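Please look over the model below before reading on. My notes concern its salt bridges and one of its helices.

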Amino acid sequence: MENYLPLLQSTSLFAEISAGELRPLLSELGACIRSYGRGEALVQAGAPSRRVGVVLTGSIEAYRPAPGGARIPITHMGPGGVFGDVLGGSSLDSPKLLQPDGSAARQRLLQNLVRTISDKYFLLSRRVDLLVMKTLRAKVCAYLLSEAEQQGSMTFTIPFSRIQLADYLNCDRSALSRELSLMQRDGLLDTYRSSFKLLEPEALRQMIL
């Protein structure tokens, strides 16, 4: 666990908690390292969960099953990503995480947990806003502008493949590829696989309205 302390301190869950405070806190919480194989499920929908997890290496994807066996991606996260926090934070039988002991580190942890859950609530709200947009171009513009804002640059890489992005936007893959090609032809953006460069962000913003 010692090797992962810098990564843990960079997460939203353990932000502003020193290494000296974090070591005993992890012990108190019963923190442990678990390994999972490719495609293995970490948490099943509807199953009780008493733990909050942090991705240390590799990546995970959260998705919702759809009719016909399809998967609708919810989010994708790599090292430092926090998962299970909404389930763990809402479970009243999760005493190790939710029961305050008066220490500054524990109080900070609880504040960080609330902030992390709140951030995910707003991300989910933004996802709903995307899905109810009437045109595919509006969805694409809103999503790409949101990613540019989060990453602090008009040149960025998204965490989805084209197939995954089509699922995320709830649209046909061919229609998405066609729309991106048209937007590139019109000089609005450059794209290659999962990389994008927004050339006319103001024009893209107008297409959302």
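1. The side chains of Glu-28 and Arg-106 form a salt bridge at 3.3 Å, N to O; the term means a side-chain nitrogen of Lys or Arg within 4 Å of a carboxyl oxygen of Asp or Glu. The two partners, 78 residues apart, link distant parts of the chain: Glu-28 belongs to helix α2 (residues 19–28) and Arg-106 to helix α5. Helices are DSSP runs (H or I, at least four residues), numbered from the N terminus.

2. This is a predicted model, in which local features need pLDDT of at least 70 and side-chain atom pairs count only at pLDDT 80 or more, while totals for chains, interfaces and linings use all residues. Residues are numbered from 1 along each chain as its sequence is written, and side-chain values use heavy atoms, leaving out hydrogens and water.

3. Arg-106 is buried, at 6% relative accessible area, whereas Glu-28 is partly exposed at 42%. Buried means under 20%, exposed over 50%, and partly exposed in between (1.4 Å probe, protein chains only). Other buried residues of α5 include Leu-109, Leu-113 and Leu-130.

4. Helix α5 covers residues 104–131, and its end C-alpha atoms lie 41 Å apart.

5. The whole structure has seven salt bridges. One of them joins Glu-202 and Arg-205 at 2.7 Å, N to O; both sit in helix α9 (residues 201–206), three residues apart, about one turn of the helix. Salt bridges with shared partners also connect Arg-137, Glu-179, Arg-185 and Asp-186 in one network.

Methods: Helices (H or I, at least four residues) and strands (E, at least two) are DSSP runs, numbered from the N terminus. The expected span of a helix is 1.5 Å times one less than its number of residues.
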